[in-house]
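Subject: Structure for you to look at

Hi there,

Here is the structure I promised to pass on. Please open it next to these notes and follow along.

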Amino acid sequence: MSVVRRIARPLLASMFVVGGVDQLKHPSAKSDTARPVVEKVAPLLGLPDDTEMLVRANGVAMVAAGGLLALGRFPRLSAVVLAGTLVPTTVAAHRYWREEDADVRAQQRVHFLKNLGLLGGLLLAAVDTEGKPGLAYRAHLAGESVQRAARTTRREARHVVHEATTEAKLKAAQAQHAFS
């Protein structure tokens, strides 16, 4: 792992670990803010309507995925999970467009944009293959390898058929010559 990754991953994860611990310790403080989003999304996803439990679950996901990302374990999966926790958190907690007070609106806009920046970092972390080929590239190479093997097999099969035909004609000619 490069030095940049060793530094960047824990830095990116720190916000989620701290935020997740706070959600676990004080779910009721976050549940009022989350309730409007939970009421709309929970029935669509088949989730329970218990806002406090969903806030805790989000906190658990943030702490677990944040810890894994910070340690460099399953970083791509961890980044995807964190991105999944960040979207509903941002929509629920930083709806600056609904604020009437200009100062509160400006503060919420800053938090909203900060979260968008974090989401961008998570998306980059989710696609970071650390210089190793990604799955799509490896699948493409495997497909090319299969096609190459199929072409070689067809060519070898045609060669074997050609040799067998030539050998059969030679044996037939020898047999006919032997009887004449």
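**Overall shape**

The protein has a radius of gyration of 31 Å, whereas a compact globule of 180 residues would be near 16 Å; the radius is taken over C-alpha atoms, and the globule rule is 2.2 Å times the number of residues to the power 0.38. Please keep in mind that this is a predicted model, in which local features need pLDDT of at least 70 and side-chain atom pairs count only at pLDDT 80 or more, while totals for chains, interfaces and linings use all residues. Residues are numbered from 1 along each chain as its sequence is written, and side-chain values use heavy atoms, with hydrogens and water left out.

Along the principal axes, the C-alpha atoms fill a box of roughly 110 × 45 × 30 Å. The protein has six helices and zero strands, where helices (H or I, at least four residues) and strands (E, at least two) are DSSP runs numbered from the N terminus. Buried residues account for 23% of the 180; buried means under 20% relative accessible area, exposed over 50%, and partly exposed in between (1.4 Å probe, protein chains only). The accessible surface comes to about 12200 Å², with 64% of it belonging to carbon and sulfur atoms; areas come from the Shrake-Rupley method with a 1.4 Å probe, and for residues only the protein chains shown count as cover.

Helix α4 (residues 75–93) has 19 residues and reaches 26 Å from its first C-alpha to its last, close to the 27 Å expected at 1.5 Å a residue; the expected span is 1.5 Å times one less than the number of residues. Its buried residues include P75, L82, L86 and A92. Which helices do the buried residues of α4 pack against? They pack against α1 (3–25), α2, α3 (51–71) and α5 (102–127), with contact meaning heavy atoms within 4.5 Å.

In the loop between α3 and α4 you will find F74. F74 has a positive phi of about 45° although it is not a glycine. Most residues other than glycine have a negative phi. F74 is exposed, because its relative accessible area is 60%.

**Salt bridges**

A salt bridge here is a side-chain nitrogen of Lys or Arg within 4 Å of a carboxyl oxygen of Asp or Glu. By this rule the count comes to six.

One of them joins the side chains of D128 and R9 (3.6 Å, N to O). Is R9 buried or exposed? R9 counts as buried, at 7% relative accessibility, whereas D128 is partly exposed at 22%. R5, R9 and D128 are linked in a network of salt bridges.

Another joins E52 and R56 (3.8 Å, N to O), both in helix α3 and four residues apart, about one turn of the helix. In helix α6, E167 and K171 are also four residues apart, so they are separated by about one helical turn; their side chains meet in a salt bridge (3.9 Å, N to O).

R158 is found in helix α6 (residues 135–179). The C-alpha atoms of R158 and E99 are separated by 75 Å.

Best wishes
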